[in-house]
Amino acid sequence: MTFISNLINGISLGSVYAIIALGYTMVYGIAKMLNFAHGDVIMVGAYMAFCAMSYLSLPPIAAILLAMVVCTVLGIVIEALAYKPLRKASSLAVLITAIGVSYLLQNIALLIWGSAPKSFNSVVGFDSISLFDGRLIITSETVVTVIACIVIMLGLTLFTKKTKIGKGMRAVSEDKDAAELMGINVNVTISVTFAIGSALAAIAGVLLCSAYPTLMPTTGSMPGIKAFTAAVFGGIGSIPGAMLGGILLGLIEIFSKAYISTALSDAIVFAVLIVVLLVRPTGILGKKIAEKV
Amino acid sequence: MERIKNMSKFTRTNIECYGMVLLAFVILLPLQNAGLISYSIAGQLVPICTYIVMAVSLNLTVGFLGELSLGHAGFMSVGAFSGVIAVACLKGSAAPDWTKLLVAIIVGGILAGVAGLIVGVPVIRLRGDYLAIVTLAFGEIIKNIINCLYVGVDKNGLHFSMTSADELGLVDASPVLKGPQGATGIPKISTFTSGVLLILFTLFVVLNLINSKTGRAVTAIRDNRIAAESVGINITRYKLTAFVISAILAGMAGALYAMNFSSIAARKFDFNTSILVLVFVVLGGMGNIPGTIIATTLLYMLPELLRQFADYRMLIYAVVLIVVMIATNSERIKLFADRIRSVFRRDDDVPDAAGKGGGAK
């Protein structure tokens, strides 16, 4: 029973990572940049939901929607102000800018909400599910997280396959210049990508803080790094890859915590990543890049 | 004047680097001895030296080898803690402080070099962002392991444990490294002079390396890996050499850094520290050693200088970082600067400016 319970916890944590990793992977696929500020957008989303529920006493659904709207706007603004001028700059310059944005968001949060951790109330209203006479308890957060993850995954797949903007996104990630020649507005496409990624980050932030209820200005950084790892794990740029990578990462983390060592779980997660990258240098579902001479 | 102009680039960089460091040293040391420097700045001298060494060594990987490393603090961490343990082993001996520091720095450098070799062998097979993420992963792994490591020294030698301090079984001695608490009771033997000497050593190694056959091979690999390989350059060997040397120097810096504080924990050397050093390198200019030294000093002092803004200082730091990156990299600003420059330029210089502008596009 402990095994199944760990399995479920792993999938739940992995689903959160997967939702964050989707944001990383989409932005990487289209703008070819590592958006290190993504983890802090999660934190902003969680704070927004927290404020909406605690100070404005909004219902959870409204709080999540508010957080998503704020993060979407934030994502678009960050992209327009910080990343757009650097569209043609070296990837390292963009990376450092992203880190600057990350510092900026953390410090704004620090000024507004202070460094003391806030205790986040779960957004989920119903009770945990108890199975096998209470030997297996599935928390309501787990159920909601996994369902949210599946819905997001399906929605995003449909969006990229069926809609005009989604097809445009795939075209831009394939070849930016050719897409532009075909009449796709690359700037709008990149903005939309940031908007979607940031909205997903808001959802991930709320789900993360519902499961692990301490909220601080640095809450987003470690999950952000891990989700980034998950995106690389699955093959960065690939949407199913991010999903797979996220879930695998969550499982590895929970199982190594349960069976090997709590303190070393992060080391194990990263060690597995390294092994995977050595065997498959572009991740599990990553495309092989042919090199032209 | 003509001679300065005709000087080789190597000589000029050398003079700039060594001159700058020595000048700063000659000015600051008497001031420090006379107690004219405020306490907070005097406390920053050794960390600044450390970070200059870190940034110059990272510049070897990022600027000259052209590979993004996000785990440089990991090597600093290895150097710091192995240095601390080495000094703890020498506790009873009558050796003077500078010998102890030297031993710590050498041991720190060697162990960080070994770590660099372990990391480097798999890492250099990867490329681009994947290499970056693996170095990040290694940095986190090193942090995590040291966070769980308990080490003690007694008359029977060194004791290691991964679970608790009690398991070390020490005989009348207290543990040196206590897991998440880190190392405590470190003798504060780092001095400004030793820091400057380490910078000079680092400059000597790095500047001579990049002007040697190895250095030219390394920059050739950066500029075009396939072309370099086709003229018979052993990519793995040269990449590994540069990577390990960079790790060794970071380890030495780590040992110097640790000896400046009475206690230090592994979480000091996390991802943010790696990023901090990377920011110094990028703002100083990749492959530009004098620029790195200046950028490190200014950026390290910036939060200190902004102290009057209290809570807002890191905010200002972040804004400065973003604005500088956009100002130095944005196409539009580059074109604008070129246009302004061409207005003020004399006629005979104009073709040159036009040529540069064309090249940038």
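Modeller: Let's begin with handedness. A crossing of two helices is right-handed if the near helix is turned clockwise from the far one by less than a right angle, and left-handed if anticlockwise. Helix α12(B) passes α13(B) in a right-handed crossing. Keep in mind that this is a predicted model.

Biologist: Which residues make the contact between α12(B) and α13(B)?

Modeller: From α12(B), they include B:Val279, B:Phe280 and B:Leu283. From α13(B), they include B:Gly291, B:Ile294 and B:Leu299.

Biologist: Why is B:Ser246 called buried?

Modeller: The cut-off is 20 or more other C-beta atoms within 10 Å. B:Ser246 has 30 such neighbours, so this serine counts as buried. B:Ser246 sits in helix α11 (residues 235–258) of chain B. Leaving out residues up to four places away in sequence, B:Ser246 touches B:Ser57, B:Leu58, B:Leu60 and B:Thr61.

Biologist: How much of chain B is buried?

Modeller: Buried residues make up 43% of the 361 in chain B.

Biologist: What do you set the radius of gyration of chain B against?

Modeller: A compact globule of 361 residues would come near 21 Å. Chain B has 22 Å, which agrees. Along the principal axes, the C-alpha atoms fill a box of roughly 80 × 55 × 40 Å.

Biologist: And the strands? Why are β2 and β3 of chain B said to stand at the edges?

Modeller: The order in this open sheet of three strands is β2-β1-β3, with antiparallel pairing. β2 (157–161) and β3 (177–178) each have a single partner strand, so one side of each is left without a neighbour in the sheet.

Biologist: How do you know that β1(B) and β2(B) pair?

Modeller: Pairing takes at least two bridges. Five bridges join β1 (residues 150–154) to β2(B), so the two strands qualify as a pair. They run antiparallel. In one of the bridges, B:Val153 has B:Leu158 of β2(B) as its partner.

Biologist: How many helices and strands does chain B have?

Modeller: Chain B comes to 16 helices and three strands.

Technical notes
Residues are numbered from 1 along each chain as its sequence is written. Chains are lettered from A and ligands numbered from 1 in the order in which they are written. This is a predicted model: local features need pLDDT of at least 70, side-chain atom pairs count only at pLDDT 80 or more; totals for chains, interfaces and linings use all residues. Helices (H or I, at least four residues) and strands (E, at least two) are DSSP runs, numbered from the N terminus. The radius of gyration is taken over C-alpha atoms; the globule rule is 2.2 Å times the number of residues to the power 0.38. A residue is buried if 20 or more other C-beta atoms lie within 10 Å of its own, exposed if 12 or fewer, and partly exposed in between; C-beta atoms are placed from the backbone. Two residues are in contact if their C-beta atoms, placed from the backbone, lie within 7 Å.
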